[in-house]
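Biologist: I'd like to learn how to read a model like this one. Could you walk me through it?

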Amino acid sequence: MVDGYLGVDIGSVSTNLVLIDNGCHLIEKIYLRTQGNPIKAVIEGFAALVETGSKEGVTIKGVGTTGSGRYLSAVLLGADVIKNEITAHAVAAAHLYPDVKTIIEIGGQDSKIIILKNGIVNDFAMNTVCAAGTGSFLDQQASRLNIDIKDFGRRAALSQQAVRIAGRCGVFAESDMIHKQQMGYPMEDIIMGLCESLVRNYLNNVGKGKKIEGPVVFQGGVAANAGLRRAFEKILGMSVKVPQHYDVMGAIGVAMLAMEKMQWSRAITQFRGDAFILKGSFKTSSHECQGCPNICEVVCIKRDREVLAYWGDRCKKWENSLSEKTHAV
Amino acid sequence: MRVGIPRGLFYHYYYPLWKTFFQDLGAEVVTSASTNRRTVERGIESAVDEVCFPIKVYYGHVRELCHQELNYIFIPRLVSVEPKSYICPNFMGLPDMINSALPELPPVIDITVDVSKNDRLLKRDIIRVGQIFTDNKNHIKQAYQHGQDELHKCRNICRDGYNISEAIRIWDGEQIVLPSTYNINIGVLGHGYSLYDQTISMNLIDRLRKMGCRVQVVETLDRDAIEVKAAEIPKRVFWTLGRKSVGSALYMEGQSEIDGIIYLACFGCGPDSMIGEIIERKIKNKAFMMINIDEHTGEAGMVTRLEAFCDMLRRRAGKVEDYISAHG
């Protein structure tokens with residue numbers, strides 16, 4: 001049997017699972033769309049992982065979760081480490097490129113810049129209130145133009161002369177694109193123009209005031225788009241590396257963090273096992289707690305009839321009721 | 001006589017003064033509950049659109065008090081609380097804004113606090129307000145002086161690491177125990193009425209404490225040292241709270257035990273858009289993060305940022321994480 005560590009990254013758009021061995025080599029990766037149902041995505045992803053057969057002969061020694069659904073997936077799988085996306089992405093990139101200085105990460109709903117110094121996060125920034133220029137905006141534009149998002153990069157690469165598109169705001173970008181399209185500019189040039197405007201927006205917004213030094217690594221689901229990579233290289237004037245497993249870097253990072261913790265603490269993993277995850281029926285429900293004027297929306301996660309977790313209550317009344325029960329048992 | 005004091009805005013700085021003053025004059029002081037979802041909902045419903053979030057929440061506090069059979073509601077008109085410095089202009093019109101929006105409002109006591117040039121006007125207005133309750137001018141002056149003394153007492157509580165809002169709760173008889181274990185030190189700045197309100201700030205300070213941080217705020221620092229640092233800016237910042245934030249940030253930058261600085265800005269705040277930017281540009285040698293808040297209740301974005309910030313500081317300092325909890 002080989003020791004393995006499971007890393008799960010649940011983002012707004014995609015859910016990724018990876019299995020790594022204790023040398024940080026990737027054994028298997030699963031990438032699927034969250035489609036608004038993180039529980040279903042995690043279970044399907046885990047089932048797919050079991051189906052590939054790569055889990056046979058591997059003992060899971062630790063589990064880490066990251067991404068905006070990290071708390072939810074931690075309950076489902078039994079996670080040892082729950083980490084934010086910034087740390088997870090930085091750990092994975094720094095392992096792969098020990099001298100990396102800048103990480104550009106663009107996901108479905110947010111984009112980040114991470115500045116590293118000697119392999120350690122030294123500064124970071126995330127997009128604030130606006131999601132212009134992230135994966136979901138690209139998705140939306142692709143479907144409006146009736147182009148498969150997978151083809152977006154290839155089409156952009158055909159462009160000879162990118163048109164200028166306003167990237168400050170998603171709404172302006174869209175009306176600019178429609179205007180240019182009605183004027184008769186070729187589709188390729190408009191797509192490339194969009195890529196460049198997104199990069200300018202990213203650098204002005206997320207990368208504002210940050211000194212971007214090479215080596216630069218570009219990761220996250222949007223790194224699949226060759227047009228964006230080309231736009232980054234053109235505007236930054238330096239080469240940009242896209243790791244082989246750019247789409248699951250967060251999951252790899254958190255799997256590595258789980259390994260680090262388990263090897264350091266020598267604890268036994270909280271991992272719930274295949275039967276728990278695949279055989280049960282998981283449901284979430286929410287209700288408004290009327291206990292005080294805060295009227296918290298309390299979320300409850302159940303497996304069959306057993307309550308696994310509560311959250312959302314500010315006073316922790318519901319959350320603590322559960323731990324009391326488990327202690328009593 | 002019952003006087004209502006809304007638990008918002010400068011309540012977080014001056015409540016001991018106001019409460020003592022009215023009580024000494026024989027009034028019963030009633031406050032609204034701590035900001036909760038209903039306060040926020042009511043506030044957003046009645047407030048004009050262009051004011052900042054904490055002012056909208058203040059409307060909610062006032063509305064809560066409207067139904068409590070009060071003789072008066074206290075809504076001060078704060079223009080300036082120290083020489084040559086001002087409070088945001090929205091506060092100058094606060095009693096008028098509220099008055100026009102809420103017809104069910106009890107009679108308003110709107111004292112004008114403007115000591116930008118001298119305190120003559122304020123002194124006259126204190127007497128005017130006091131005469132609602134008594135004709136004895138000496139009594140009024142004594143009540144005000146007593147209020148000042150209580151405020152001073154309350155501010156001294158901050159020396160033990162409490163922010164002014166916590167100090168007020170302690171002054172009012174509550175017990176608050178700060179966690180004693182921490183391995184990073186974070187300076188947190190912002191307007192107190194946003195930062196110290198647990199609902200508006202989404203409990204930022206306590207979240208950091210739970211993540212193993214010691215939190216330093218404006219009130220835990222030396223007042224004079226802050227002013228010295230604030231004077232380093234080429235043009236004097238004339239907003240009281242903004243100047244203290246800038247001074248504190250610069251002071252903290254020079255303190256080796258502070259690992260990082262967080263600035264909580266309110267999306268619709270005019271001064272914040274300036275002050276946050278100034279601090280961000282001036283802080284060169286310490287980790288700095290700006291967090292923007294508004295009406296949204298999604299806490300995920302804030303939690304992610306705070307976690308990442310703490311992780312970064314720990315890993316930078318080479319501090320091994322204490323693997324007590326997986327959360328964080």
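Biologist: Which residues touch the most other members of the largest nonpolar core?

Modeller: A nonpolar core is a set of buried Ala, Val, Leu, Ile, Met, Phe, Trp, Tyr and Cys residues joined through side-chain atoms within 4.5 Å; buried means under 20% relative accessible area, with a 1.4 Å probe and protein chains only. Here B:Phe10, B:Phe22 and B:Ile186 touch the most other members, out of 125 residues in the largest core. Helix H9 of chain A (residues 249-265) gives this core its largest share, ten residues; helices are DSSP runs of H or I, at least four residues, numbered from the N terminus. A second, separate core has 37 residues, including A:Phe137 and A:Met192.

Modeller: One caution: this is a predicted model, where local features need pLDDT of at least 70 and side-chain atom pairs count only at pLDDT 80 or more, while totals for chains, interfaces and linings use all residues. Residues are numbered from 1 along each chain as its sequence is written, chains are lettered from A and ligands numbered from 1 in the order written, and side-chain values use heavy atoms, without hydrogens and water.

Biologist: What does B:Ile186 touch?

Modeller: Contact means heavy atoms within 4.5 Å. Leaving out residues up to four places away in sequence, the partners of B:Ile186 include B:Leu208, B:Phe309 and B:Leu313.

Biologist: How much of chain A is buried?

Modeller: Buried residues make up 53% of its 329 residues. Chain A also has eleven helices and 13 strands, strands being DSSP runs of E, at least two residues.

Methods. Buried means under 20% relative accessible area, exposed over 50%, partly exposed in between (1.4 Å probe, protein chains only).
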